[in-house]
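This report goes through the overall make-up of one protein chain and then a few of its side chains.

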Amino acid sequence: MPNWGGGAKCGACEKTVYHAEEIQCNGRSFHKTCFLCMACRKALDSTTVAAHESEIYCKTCYGRKYGPKGVGFGQGAGCLSTDTGDHLGLNLQQGSPKSARPSTPTNASKFAKKVADVDKCPRCGKSVYAAEKIMGGGKPWHKTCFRCALCGKSLESTNVTDKDGELYCKVCYAKNFGPKGIGFGGLTQVEKKE
């Protein structure tokens, strides 16, 4: 039957969607007010939507329902997510085949390998990700940990020195590990004993 005088049908409410109120996603049209996560009912936009076949979700609910499961795949870096999504109606029971798979598969995905291969900061021992990585002394450091071990001064490539795996500013390095004596930051000409 032809669609007389109207737009496409909404993917959520099946009513006519007119151009002024239309949002398109995955080849389907939605009313702006119907463009909601199917699990938590949060309003979506082009940056927060994740589509699966004919369903739309926010990225959080999509990850809970269709994302990887197990240790290290929770929300944020290095956490264990025990949230099953039951309060969102995602129906992820413990006996389902998806949640019963091993936490460390024998053929790990590229993502799992990248998570396992993340460098550790020598100062705090936590994971250093690319967005926060600064190299110094041949090791990766957090931007906030890239400081002189003695005075705490923030370091840059122009004033950093390293000794025994620790970072120092050039001033502290010279005072503590540089040559001693007249003209080397120790005694001055005025203090010289005659």
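Of the 194 residues in the protein chain, 24% are buried. The model is a predicted one. Its secondary structure consists of three helices and twelve strands. The accessible surface of the chain amounts to about 13,500 Å², and carbon and sulfur atoms account for 54% of that area. When contacts between residues at least 6 apart in sequence are considered, 20% of them join residues at least 24 apart.

**Salt bridges**

Side chains of opposite charge can pair when their charged atoms come close. Two salt bridges are found in the structure.

| Residue pair | N to O distance |
|---|---|
| Lys-133 and Asp-119 | 3.1 Å |
| Glu-166 and Arg-123 | 2.2 Å |

In the pair of Glu-166 and Arg-123, with 2.2 Å from N to O, Glu-166 belongs to strand β12 (residues 166–169), while Arg-123 sits in the loop between β7 and β8 (127–128). The pair therefore ties together parts that are 43 residues apart in sequence. Glu-166 has a relative accessible area of 24% and is partly exposed. Arg-123 is also partly exposed, at 32% relative accessibility. Both values fall between the limits of 20% for buried and 50% for exposed, so Glu-166 at 24% and Arg-123 at 32% are classed as partly exposed.

The salt bridge between the side chains of Lys-133 and Asp-119 spans 3.1 Å from N to O. This pair links distant parts of the chain, 14 residues apart: Lys-133 is in strand β9 (residues 133–136) and Asp-119 is in strand β7 (residues 119–120). Lys-133 is partly exposed, its relative accessible area being 34%. For Asp-119 the relative accessibility is 31%, which counts as partly exposed.

**Surroundings of Cys-13**

Cys-13 is located in the loop between β1 (8–9) and β2 (16–17). What does Cys-13 touch, not counting residues up to four places away in sequence? The residues in question are His-31 and Cys-34. Along the chain, Cys-13 and Cys-34 are 21 residues apart, and their C-alpha atoms are separated by 7.2 Å. Is Cys-13 buried or partly exposed? With a relative accessible area of 30%, Cys-13 is partly exposed, because buried means under 20%.

Note on methods: Residues are numbered from 1 along each chain as its sequence is written. This is a predicted model: local features need pLDDT of at least 70, side-chain atom pairs count only at pLDDT 80 or more; totals for chains, interfaces and linings use all residues. Side-chain values use heavy atoms; hydrogens and water are left out. Helices (H or I, at least four residues) and strands (E, at least two) are DSSP runs, numbered from the N terminus. Buried means under 20% relative accessible area, exposed over 50%, partly exposed in between (1.4 Å probe, protein chains only). Contact means heavy atoms within 4.5 Å. Accessible areas come from the Shrake-Rupley method with a 1.4 Å probe; for residues, only the protein chains shown count as cover. A salt bridge is a side-chain nitrogen of Lys or Arg within 4 Å of a carboxyl oxygen of Asp or Glu.
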